[in-house]
Amino acid sequence: MPFPPFSYRDRNLYVEDVELEQIARSAGTPVYVYSATAIAERYRRYDEAFGSTPHEVFYAVKANSNLSILRLLAAEGAGFDIVSGGELYRVLRAGGRPEKVVFSGVGKTREEVEYALSSGIHSFNCESESELTLIDSIASRLGVKARVAIRVNPHVDAQTHPYISTGLRDHKFGIDITAAEDVYSRALQLEHIVAEGVSCHIGSQLLDTAPLKEALDAVLALVGRLRARGVPIRHLDLGGGLGVPYKPDQVEPDVTAHVQDVCARCAGHDLKLMMEPGRSIVGPAGALLSRVLYRKSTESKEFVVVDAAMNDLIRPALYQAYHEIVPLRAHMPGTVVADVVGPVCETGDFFARDREMANVLPGDFIALCTAGAYGFVLASNYNTRPRPAEVLVEGASWKFIRTRETYEDLVRGEE
Ligand code: LLP
């Protein structure tokens, strides 16, 4: 079954007041479709849960960086969490305000730091001492002060897929929480650095909030120790948001309750709270529509061959991720147990294996659900396939927010 805001009306799949088959037919497939209303509501859920606690919600641009989506979120008052100069460029192009941007990431280049400092971003989430030194020297040359938070690694197991778990000792991220005090002391010596924050991100797609609470308690204890040493910590950046349901039996964690619990734990600490949710704002608000090309069976398997592939949505191939697959017109009788595969020449090019699903036939359209986050942004041109179009729905209307690539686009820049 689809997840809200996608739902059937009279066995036709809709998002908001638009029938998806209408988009699939006129925009062509594969195509990503997003609900503007759902994205705005999901952002507000975070923002409003903080209530009167001083806070800022920085949407994690990496989850979906389409200019129209950034513009929509900027209009809602969102800040932005970026991890590259390219993302900063997108945010500024979309009308995002630089003073509402935080720059995360373990490998910022000199050029990116300079671009961010001269744009006047809010702060850097710093991941190493060498990065601090680099930011200090560039800030000095530009005659500015750089606000930083040091990203600490609290050794908390996020219990998520190993590729998107980031808070353990062996991970490349952050500075060991036990070494952090010394690093802050050295940061105090750097003339163009204002070390006023602590940041922490232990992983993505967390359905259980217990590891986040454990990490928060460790970070709050660190804030106490830092202040005792004279480091004037003013803000706490708690990293990404909560996970979302991909499977029918998964329950969406309650964002409001989680944020309120965070505020309660931080009460009395005189901290501005920051969060960087991505997936939970755009993930459930989007789907990838695709057309069934062929049905094919072998002795042991039934295959549904569709026109989308791993280059369009890599999550199943890369993280063994589950995406619910539903027909746009649920009129066909019965179900089939099949592998849903794309045209790319790799056995890893599948969206589902041995999945019981609607008995779709060539010409039918399907939706791959919960594809609004880490979908299009991870798309590639592998097999020289044009990347899909993107469509934004609002109420009863829809528009392209990115046109499908053409063959000409695919060879641009090549001799
Ligand atoms: N802040 C930092 C420092 C991050 O590394 C991330 C995600 C976020 C915020 C946003 O986290 P979210 O609210 O989306 O959970 N491609 C993978 C997910 C990679 C997540 C990377 N970092 C996937 O498709 O599952």
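## Questions on a predicted model

Modeller: In this predicted model, the backbone oxygen of Thr370 lies 3.5 Å from a polar atom of the side chain of His323.

Biologist: Is His323 buried or exposed?

Modeller: His323 sits in the loop between helix H11 (315–319) and strand S16 (325–327). Leaving aside neighbours within four places in sequence, the residues in contact with His323 include Tyr246, Arg355, Leu368 and Thr370. The cut-off for burial is under 20% relative accessible area. His323 has 0% relative accessibility, so this residue counts as buried.

Biologist: What is the mean pLDDT of the protein?

Modeller: Among the elements, strand S10 (residues 175–176) has the lowest mean pLDDT, at 92. The highest, 99, belongs to strand S4 (residues 31–35). Of the residues in the protein, 100% reach 70 or more, and the mean pLDDT is 96.

Biologist: Why does the protein count as being as compact as a globular protein of its length?

Modeller: The protein has 12 helices and 21 strands. For 415 residues the globule rule gives 22 Å, and the protein is as compact as a globular protein of that length because its radius of gyration is close to that, at 22 Å.

Biologist: What does the C-alpha trace of the protein span along its principal axes?

Modeller: Buried residues make up 56% of the 415 residues. The accessible surface comes to about 17300 Å², and 49% of this belongs to carbon and sulfur atoms. Along the principal axes, the C-alpha trace spans about 70 × 50 × 40 Å.

Biologist: Among contacts between residues at least 6 apart in sequence, how many, as a percentage, join residues at least 24 apart?

Modeller: A contact here means heavy atoms within 4.5 Å. Of the contacts between residues at least 6 apart in sequence, the share that joins residues at least 24 apart is 69%.

Biologist: Why is strand S17 described as largely enclosed by the rest of the structure?

Modeller: Strand S17 covers residues 335–341. It is largely enclosed because, of its seven residues, the number buried is five.

Biologist: What is the bridge partner of Thr335 in S18?

Modeller: Strand S17 pairs with strand S15 (residues 302–306) in the parallel sense over three bridges, and there Val305 has Val341 as its partner in S17. With strand S18 (residues 350–358), S17 pairs in the antiparallel sense over six bridges. In S18, Thr335 is partnered by Ala358.

Biologist: Where does the side chain of Arg42 make a polar contact?

Modeller: Arg42 lies in helix H2 (residues 36–49). At 8% relative accessibility, Arg42 counts as buried. Leaving aside neighbours within four places in sequence, Arg42 is in contact with Glu252, Ser280, Ile281 and Pro284. The polar contact, at 3.0 Å, is with the side chain of Glu252.

Biologist: How many Å separate the C-alpha atoms of Leu88 and Glu112?

Modeller: Leu88 belongs to helix H4, and its relative accessibility of 0% makes it buried. Beyond neighbours within four places in sequence, Leu88 is in contact with residues including Ile82, Val101, Tyr115 and Ile121. Leu88 and Glu112 are 24 residues apart in sequence, and their C-alpha atoms are separated by 8.9 Å.

Biologist: Is Gly95 buried or exposed?

Modeller: Gly95 is placed in the loop between helix H4 (85–93) and strand S7 (101–103). Its C-alpha atom is separated by 9.7 Å from that of Leu72, 23 residues apart along the chain. To count as exposed, a residue needs over 50% relative accessible area. Gly95 has a relative accessible area of 52%, so this residue is exposed.

How values were computed. Residues are numbered from 1 along each chain as its sequence is written. This is a predicted model: local features need pLDDT of at least 70, side-chain atom pairs count only at pLDDT 80 or more; totals for chains, interfaces and linings use all residues. Side-chain values use heavy atoms; hydrogens and water are left out. Helices (H or I, at least four residues) and strands (E, at least two) are DSSP runs, numbered from the N terminus. Buried means under 20% relative accessible area, exposed over 50%, partly exposed in between (1.4 Å probe, protein chains only). A polar contact is a pair of N or O atoms within 3.5 Å; within protein, one must be able to donate a hydrogen and the other to accept it, and residues adjacent in sequence count only if both atoms are side-chain atoms. The radius of gyration is taken over C-alpha atoms; the globule rule is 2.2 Å times the number of residues to the power 0.38. Accessible areas come from the Shrake-Rupley method with a 1.4 Å probe; for residues, only the protein chains shown count as cover. Two strands pair if DSSP finds at least two bridges between them. pLDDT is the predictor's confidence in each residue, from 0 to 100.
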